[in-house]
Amino acid sequence: MSLLGRDYNSELNSLDNRSQSSSESSSSITSENVHPAGEAGLSMMQTLIHLLKCNIGTGLLGLPLAIKNAGLLVGPVSLLAIGVLTVHCMVILLNCAQHLSQRLQKTFVNYGEATMYSLETCPHAWLRTHAVWGRYTVSFLLIITQLGFCSVYFMFMADNLQQMVEEAHVTSNICQPREILALTPILDIRFYMLTILPFLILLVFIQNLKVLSVFSTLANITTVGSMALIFEYIMQGIPYPSNLPLMANWKTFLLFFGTAIFTFEGVGMVLPLKNQMKHPQQFSFVLYLGMSIVIILYIFLGTLGYMKFGSDTQASITLNLPNCWLYQSVKLMYSIGIFFTYALQFHVPAEIIIPFAVSQVSENWALFVDLSVRSGLVCLTCVSAILIPRLDLVISLVGSVSSSALALIIPALLEIVIFYSEDMSCVTLAKDIMISILGLLGCIFGIYQALYELTQPINHSMANSTGVYA
């Protein structure tokens with residue numbers, strides 16, 4: 001708790017200056033600490049691209065299984081509802097930050113500062129006294145979320161690497177739908193995680209954001225190419241879905257909620273992204289346009305993927321692709337993109353934690369401590385992946401634990417705290433209370449169901465552990 005109890009102003013100012021040099025890097029966008037926009041601000045198109053980049057990640061590939069967990073009818077409808085609700089909470093967060101900026105005569109407030117300043121002005125004396133913990137809570141949730149993403153990346157890369165290596169001897173040039181053979185994997189999935197570990201440690205030693213922006217570009221290219229080939233395949237020969245349930249079991253729906261919230265991972269970047277625009281007043285249009293594209297993409301990929309693969313749908317849609325060299329290259333390209341994206345996601349928690357750790361030692365030990373903390377954080381994400389080698393359940397856990405708080409609960413509570421004393425309407429108050437309760441219930445029951453599933457014996461047809469396929 002000492003880490004969270006420290007004043008980060010000097011460290012965050014340092015991060016502000018370093019983030020300014022790389023507006024192209026998605027890591028600088030996901031961080032809530034950025035320099036205010038100046039003459040070199042982002043255009044509408046650049047902002048739209050960043051918005052899409054920050055919301056399209058590994059969670060997208062898990063949506064077919066999420067739709068399976070909810071049902072062919074309930075899944076798309078619920079995904080649309082969660083998407084609309086998430087966008088509404090983004091708008092709430094923007095409005096609250098703008099109101100506080102005007103009230104306090106500040107150029108810009110980030111997510112954590114908005115939480116702190118709102119508590120400082122609330123009528124409850126205890127909350128005013130402990131207002132700074134609002135900022136610490138948001139920072140802590142951001143750290144948990146980003147490191148959770150990194151753990152998911154570990155599992156995603158290990159799953160796809162295992163499948164590519166162990167199927168190499170039966171991979172052909174003819175792309176036929178795969179049929180699952182219940183064979184034991186040659187090497188445990190954890191072996192592949194440990195194989196990836198040293199390469200990721202070396203990657204996160206790179207601290208120059210300009211270099212990371214090059215990796216971001218490579219990740220974008222491989223991701224776009226992979227997604228085009230995935231859509232090209234799943235839209236061919238979709239079977240009639242008469243045997244697919246319209247509504248799934250309510251227990252698996254809880255896993256759907258966590259996955260869906262995890263997928264909408266961009267709520268933490270809306271404030272800095274707006275701040276970096278040349279014309280911030282145009283951000284609302286960019287937000288609605290970008291998130292409409294994201295929601296439509298999510299619904300189409302999740303629904304078509306589930307209709308294509310049915311009960312055989314895996315934790316990542318890449319694990320369902322045919323065993324031929326073309327689609328093995330898709331897994332390789334997407335895994336390369338995720339590998340480079342790991343460093344970008346890792347940069348956010350690293351720049352919060354490392355300055356505190358370095359400040360506790362002399363200058364002679366600063367570099368050693370810096371590299372040690374980076375190595376330790378990467379090992380932590382690896383250990384988390386090893387302890388819970390289920391891609392679908394980790395996605396649901398991260399979504400339920402932290403994403404639901406950042407995307408739903410906190411924005412709704414912020415609006416109540418800030419505007420309640422300013423004649424807030426009963427409809428708005430009731431709406432915010434309902435959003436907060438929904439987020440809290442989803443968080444509690446989502447965590448419970450994910451942990452419950454972890455205690456059950458692994459069903460290899462459902463788990464993301466990969467055997468040999470034909």
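**Helix packing**

Visitor: Which helices do the buried residues of helix 16 pack against?
Guide: In this predicted model, local features need pLDDT of at least 70 and side-chain atom pairs 80 or more, while totals for chains, interfaces and linings use all residues. Residues are numbered from 1 along each chain as its sequence is written, and side-chain values use heavy atoms, without hydrogens or water. Helices are DSSP runs (H or I, at least four residues), numbered from the N terminus. Buried means under 20% relative accessible area (1.4 Å probe, protein chains only), contact means heavy atoms within 4.5 Å, and the buried residues of helix 16 pack against helix 9 (132-166), helix 10 (189-204) and helix 15 (325-359).

Visitor: How far does helix 16 reach from its first C-alpha to its last?
Guide: Helix 16 (residues 366-387) has 22 residues.

Visitor: Is helix 5 roughly parallel or roughly perpendicular to helix 14?
Guide: Their axes (lines fitted to C-alpha atoms over the stretch in contact, with angles from 0 to 180 degrees between N-to-C directions) come within 7 Å and cross at roughly 70°. Angles of 65 to 115 degrees count as roughly perpendicular, and under 35 as roughly parallel. That makes helix 5, relative to helix 14, roughly perpendicular.

Visitor: How far apart are the axes of helix 12 and helix 18?
Guide: Helix 12 (residues 250-263) and helix 18 (residues 426-454) pack at about 115°. That angle makes helix 12 roughly perpendicular to helix 18. Leu254 and Phe445 are among the contact residues, and the axes are apart by 8 Å.

Note on methods:
Helix = DSSP H or I, 4+ residues; strand = E, 2+ residues; numbered from the N terminus. Parallel < 35°, antiparallel > 145°, perpendicular 65-115°, else oblique. Expected span 1.5 Å × (residues − 1).
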